[in-house]
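The exercises below are to be worked with the sequence and the 3D structure at hand. Each task is followed by a solution in steps.

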Amino acid sequence: MALTIDSQAKPLPAPPWKRLVAIGAVATTLGGCVTFTPDGGMSPVSAEVSAAIGKDTVKIASSAEASAVQSRVKALLAKPLTADGAVQLALINNRGLQAEYNALGISEAAFVEASLPPNPVIGVERLSTGASLDIERRVVANILALLTLPARSDIARTQFEAARQKAIEATFRTAAETRRAYYRAVASRQTASFLEQARVSADAAADLTRKLGETGAAKKLDQARASSFYAEVSNELAQARLKVGTDREALTRILGLWGPDVDYRLPGQLPGMPRIQTAQQVEVDAIRKRVDLIAARLELDAMAKTLGLTEATRFISMLDGGWRGNYERSTVDGVRESSSPRGFELEIQIPIFDGGEVNVRRSRETYMQAVNRLMEKAVNVRSEARAAYLTYRGSYDIARQYQNSILPLRRTINEQALLEYNGMLIDVFELLTTARESIATNVAAISAKRDFFIATVDFETAIIGGGSSAGSAGEGSVMAAAAEGGVN
């Protein structure tokens, strides 16, 4: 139901364009001056990424920037990739990350749009009946949207800040995934290289046993065992080569490479073990630094502001006002008469059936849903930080135990077994069993070292963010649900 007030007693002294200018001036004063940033909001993202992980990131928005990125890609691929080089390459060349930066630009556009006054609606109506002509002109503006402009702009600003934190988190996640894929690819390559050497030794042992069998110095059972050992090692090598290919392709995808660039070079083995990092108060650091938690807090702030705006406008869901001017012309007894009455109109929706309680209840429930999810996330962040640190320390001890104790002992066992075999103190079966155990130990040592480097990445992401994104689906829909129950 609409109530229309139309006054045409006195013409308004000011022409319509002056009133529009006045309305625009008031709107600009209420909403403030908000303009687009030169880089789509990327400066804080780049600064945070550089401070946290020491790498550069860039949003490709022009052909010149694309050419500069390609030059950097070529320079990074000119030599064997290190872990840091792979991360830097992914941060400038991964198209999925560029899409996240586009989402940041979309959020900035929404912020600027929410900070602009509503566009006025101009209407012209012409009625002609015989000798009469009636022309009506209207300029209508959404007064409610104009009055709530500062609040809506503040909400959009908070949402834009949350989008920045999400862009930072996406960057951290890309960097972490790149490091994990890099360590897996290098470890697979190192494992395959070791198994190639083991197969050469197994082939030599099988060939020697076969020749001894021809002279009667080796039994048929020993020949079969040597041949079986060679076949088993060959099968393990085939599996390792398959893993080399799949792990390399996983790294290639996250690096965003295609065409000739996929022939990049990787080192033959994992880097040496670094010194262990000591961490204090990992929970406090995670609560303070995790970018996904910061983004969730900002979204909750924006939702609280949306709820407050819903409370303020619950009884007035539509308020339009505007200027109205008519031009009338008629001919009576051959005499033409004309008039130009002017006035204004105001339309208010009367809340007879829906008093705004539906929107308020929906916003309250959505807000409490977001509060509970934020509290759940805070609990999870603390637990993830503790678990990541335990895994980091435990994997370090395991990898160091292989390097310092198990592998040296295995070398001693191999040397002594060979000496005793040459002295005819043990048979071929014991020698081959020792060789099998040595191969398994070396492969396990490579895997333990790989697991330590991946645990290091997981520990860092547990503190600053950028880990698994599986739990973010519900949070991403929080503001979408609030929008339904927010400002009308």
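**Exercise 1.** Find out whether Lys449 is buried or exposed, and how far away the nearest side chain of opposite charge is.

Solution. Step 1: Lys449 is buried, where buried means under 20% relative accessible area, exposed over 50%, and partly exposed in between (1.4 Å probe, protein chains only). Step 2: Lys449 has no salt bridge, a salt bridge being a side-chain nitrogen of Lys or Arg within 4 Å of a carboxyl oxygen of Asp or Glu. The nearest side chain of opposite charge, Asp451, is 13 Å away; Lys and Arg count as positive and Asp and Glu as negative, while His and the chain ends are not counted. Step 3: A polar atom of the Lys449 side chain lies 3.0 Å from the backbone oxygen of Pro271. Step 4: Lys449 sits in helix H12 (residues 428-464); helices (H or I, at least four residues) and strands (E, at least two) are DSSP runs, numbered from the N terminus. Leaving aside neighbours within four places in sequence, Lys449 is in contact with Leu270, Pro271, Gly272, Met273, Ala399 and Gln403, contact meaning heavy atoms within 4.5 Å.

These values come from a predicted model, in which local features need pLDDT of at least 70 and side-chain atom pairs count only at pLDDT 80 or more, while totals for chains, interfaces and linings use all residues. Residues are numbered from 1 along each chain as its sequence is written, and side-chain values use heavy atoms, with hydrogens and water left out.

**Exercise 2.** Describe the chain as a whole: how many helices and strands does the chain have?

Solution. Step 1: There are 14 helices and six strands. Step 2: Of the 488 residues in the chain, 39% are buried. Step 3: Take the contacts between residues at least 6 apart in sequence; 82% of them join residues at least 24 apart.

**Exercise 3.** Which residues have the most contacts inside the largest nonpolar core?

Solution. Step 1: A nonpolar core is a set of buried Ala, Val, Leu, Ile, Met, Phe, Trp, Tyr and Cys residues joined through side-chain atoms within 4.5 Å. Step 2: The largest such core has 92 residues, and Leu81, Tyr182, Leu251 and Leu255 have the most contacts inside it. Helix H7 (residues 149-215) gives the most to this core, with 21 residues. Step 3: Not counting residues up to four places away in sequence, Leu255 touches Leu81, Ala86, Leu89, Ala90, Asn93, Asn94, Thr178 and Tyr264.

**Exercise 4.** Which parts of the chain does the salt bridge between Arg179 and Asp84 tie together?

Solution. Step 1: The closest N and O atoms of Arg179 and Asp84 are 2.6 Å apart. Step 2: Arg179 belongs to helix H7 and Asp84 to helix H4 (residues 83-93), so the bridge ties together parts that are 95 residues apart in sequence. Step 3: Arg179 counts as buried because its relative accessibility is 17%, whereas Asp84, at 40%, counts as partly exposed.

**Exercise 5.** Where do Arg436 and Glu232 lie?

Solution. Step 1: The side chains of Arg436 and Glu232 meet in a salt bridge (3.1 Å, N to O). Step 2: Arg436 lies in helix H12 and Glu232 in helix H8 (residues 220-255), so the pair ties together parts that are 204 residues apart in sequence. Step 3: Arg436 is partly exposed, with a relative accessible area of 28%, and Glu232 is partly exposed, at 37%.

Methods: A polar contact is a pair of N or O atoms within 3.5 Å; within protein, one must be able to donate a hydrogen and the other to accept it, and residues adjacent in sequence count only if both atoms are side-chain atoms.
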